[in-house]
Every structure is written in C-alpha cells, then in structure tokens.
Amino acid sequence: MKRRALALAFLAAAVPAAAQSPLPVDLGARAVGSDSFTIRVPGREVGYQRTRFEPSAAGWRYIDQTVMTGRVEQNTTVEFTRDGALLRVEQRGTSRGVPMATDLTYGGGRVKGRSSNPAADGSVTVFEIDSAVGAVVDDNALVALAPALPFVAGAGWNFTVFSSGQNQLIPMTLAVAGRDTVDAPAGRFDAWRVTVTGGPAPLAIFVTTAAPQRVVRIEVVGSPLEFVLAQ
C-alpha cells in the first residue's frame with residue numbers, strides 16, 4: 001500500500017533479490033486464507049480492507065482490496081517466491097477520483113516497471129522504473145510479511161523498502177514494542193505490538209502471538225485512523 005494511510009517502503013544491496021530476504025520471514029508459517037478489516041476513525045467507519053494470502057504456482061500470493069469512501073479504492077496483488085523474495089506487484093485504483101496504477105517485476109537485483117500516482121495538485125506523476133535494489137521489501141508487501149516474522153520480546157530489524165510512488169529506497173526499522181490485548185469485532189487476541197518507523201507515517205501493527213500468526217490491528221501513529229480485524 002502506498003500514497004494512503006498505510007503508505008510504507010524498503011533496501012539497497014547489489015545482490016539478486018531471490019538470493020536473500022531483507023527480513024527473516026517464513027511465509028509457510030503465517031496464516032493462510034482471507035481476513036476482513038474495518039477502517040475507522042473514532043466513532044465511525046470510513047471503509048474496509050479485505051486481504052487474502054494463498055499458495056501460488058511460483059510460491060505465495062497476497063491480494064489486498066482497500067476502499068476508503070470518497071478517498072481511495074485500490075486492488076493490489078503481490079507475488080512472492082516460496083522463500084519470501086518479491087516477484088511481482090500489480091495495483092489498480094483511484095485516489096480521490098484520479099486513476100493510479102503500478103506494475104513492477106523484481107529479480108536479478110533489480111526492479112523494473114511503471115507507476116502512475118496522483119500528486120497533491122491533482123496531476124499524475126509517472127515513473128518509468130529500472131533500478132538496482134537488491135534484497136528489498138516493496139511498500140505494498142509489509143503487512144503480508146509481518147505475520148511471517150519470528151517475533152520474540154525485544155526483536156527488531158533494520159531493512160529497506162522500495163516505494164514506487166516515490167521511485168526511491170527508504171530505510172526503515174521494525175521492532176517489537178511489547179505485548180498487548182486487542183479487542184476487535186473478530187474477537188479478543190493476545191498480540192505483539194510491532195512498530196514500523198522510517199516511512200511516511202509511523203505504524204503500529206498488532207500480530208497474534210499464537211500460531212499461525214495473523215495481523216489483527218493496524219494503527220497509523222499520530223492519526224485516529226486504524227484497521228481492525230472484523231472477521
């Protein structure tokens with residue numbers, strides 16, 4: 001996700017992306033299936049997010065549909081190898097009625113493709129992308145990867161994100177800030193509180209302590225916006 005409440009981004013090393021992952025993920029250990037989130041600000045619901053994580057012929061596939069009424073509508077697909085390396089990102093949608101699109105392929109230490117994104121003045125910024133990135137996390141992939149990390153008290157990782165909306169690499173930090181109880185429409189969960197800093201907005205991602213791990217809540221720190229597991 002990007003250029004929206006969950007805009008994120010990640011690393012630069014001139015090694016093939018498939019050779020290593022920037023985060024020690026085990027995608028086979030995270031929850032498989034569909035989740036539905038309510039997007040809300042205090043006192044009201046402003047949209048929804050539906051996600052699905054599933055096996056694919058190449059390895060794994062993450063699908064995200066996010067709708068914030070009157071603001072953003074987008075559909076994103078991220079493809080991974082079995083060991084968690086990025087293969088492809090495809091996104092289509094609109095931001096305040098202006099079309100946006102991203103088509104990227106990762107491999108051989110590079111990212112190639114094209115992105116078009118609404119600018120603040122209502123124009124559209126287009127990037128033709130062909131950059132050396134190495135083992136990098138795409139900004140649309142973080143929520144898919146978070147439940148696949150080996151969380152323990154005090155754990156943390158520095159990594160780099162590629163943001164197609166900015167056509168740049170951004171160093172970020174992900175750290176376990178502690179444990180918390182999350183009350184959501186889907187139930188009550190014991191969760192790791194995981195902070196993500198370095199991007200456009202700090203995030204708090206709550207990931208279940210019980211296996212298989214899944215995301216149950218996301219907060220945009222400093223903002224009333226939150227995503228809460230509905231089912």
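Modeller: The structure holds two aromatic pairs, a pair being two rings of Phe, Tyr or Trp (for Trp the six-membered ring) whose centres lie within 6.5 Å, with planes under 30 degrees apart counted as stacked, over 60 as edge-to-face and the rest as tilted. One of them joins Phe53 and Trp60, which are stacked, at 5.1 Å centre to centre and with 10° between the planes. This is a predicted model, in which local features need pLDDT of at least 70 and side-chain atom pairs count only at pLDDT 80 or more, while totals for chains, interfaces and linings use all residues. Residues are numbered from 1 along each chain as its sequence is written, and side-chain values use heavy atoms, with hydrogens and water left out.

Phe53 and Trp60 are both buried, where buried means under 20% relative accessible area, exposed over 50%, and partly exposed in between (1.4 Å probe, protein chains only). Rings also meet charges here: the charged end of Arg179 sits over the ring of Trp192, 5.2 Å from its centre, and that of Arg217 sits over the ring of Phe206, 5.7 Å from its centre. For this term, NZ of Lys or CZ of Arg must be within 6 Å of the ring centre and within 35 degrees of the ring normal.

Salt bridges link Arg52, Glu54, Arg61, Glu79, Arg88 and Glu90 in a network. Within it, the closest N and O atoms of Arg61 and Glu54 are 2.9 Å apart; Arg61 is partly exposed, with a relative accessible area of 23%, whereas Glu54, at 16%, counts as buried. Arg88 and Glu90 also form a salt bridge, at 3.3 Å from N to O, and both ends are partly exposed, Arg88 at 29% relative accessibility and Glu90 at 33%. A further salt bridge joins Arg188 to Asp183 at 2.6 Å, N to O, with Arg188 exposed at 63% and Asp183 partly exposed at 43%.

Two strands pair if DSSP finds at least two bridges between them; strand S5 (residues 86–95) and strand S6 (residues 98–107) do so in the antiparallel sense over eight bridges, and Glu90 stands opposite Asp103 in S6. Their hairpin has two residues between the strands, and Arg96 there takes a positive phi near 50°. S6 in turn runs antiparallel to strand S7 (residues 110–118), the two being joined by seven bridges, and Thr105 has Lys112 in S7 as its bridge partner. The hairpin of S6 and S7 likewise has two residues between the strands, with Gly108 at a positive phi near 60°.

Finally, the core. A nonpolar core is a set of buried Ala, Val, Leu, Ile, Met, Phe, Trp, Tyr and Cys residues joined through side-chain atoms within 4.5 Å. The largest has 61 residues, of which Phe80, Tyr106, Phe151, Phe159, Phe162, Leu174 and Leu225 touch the most other members. Strand S11 (residues 168–184) gives this core its largest share, six residues.

Definitions and conventions
Salt bridge = Lys/Arg side-chain N within 4 Å of Asp/Glu carboxyl O. Helix = DSSP H or I, 4+ residues; strand = E, 2+ residues; numbered from the N terminus.
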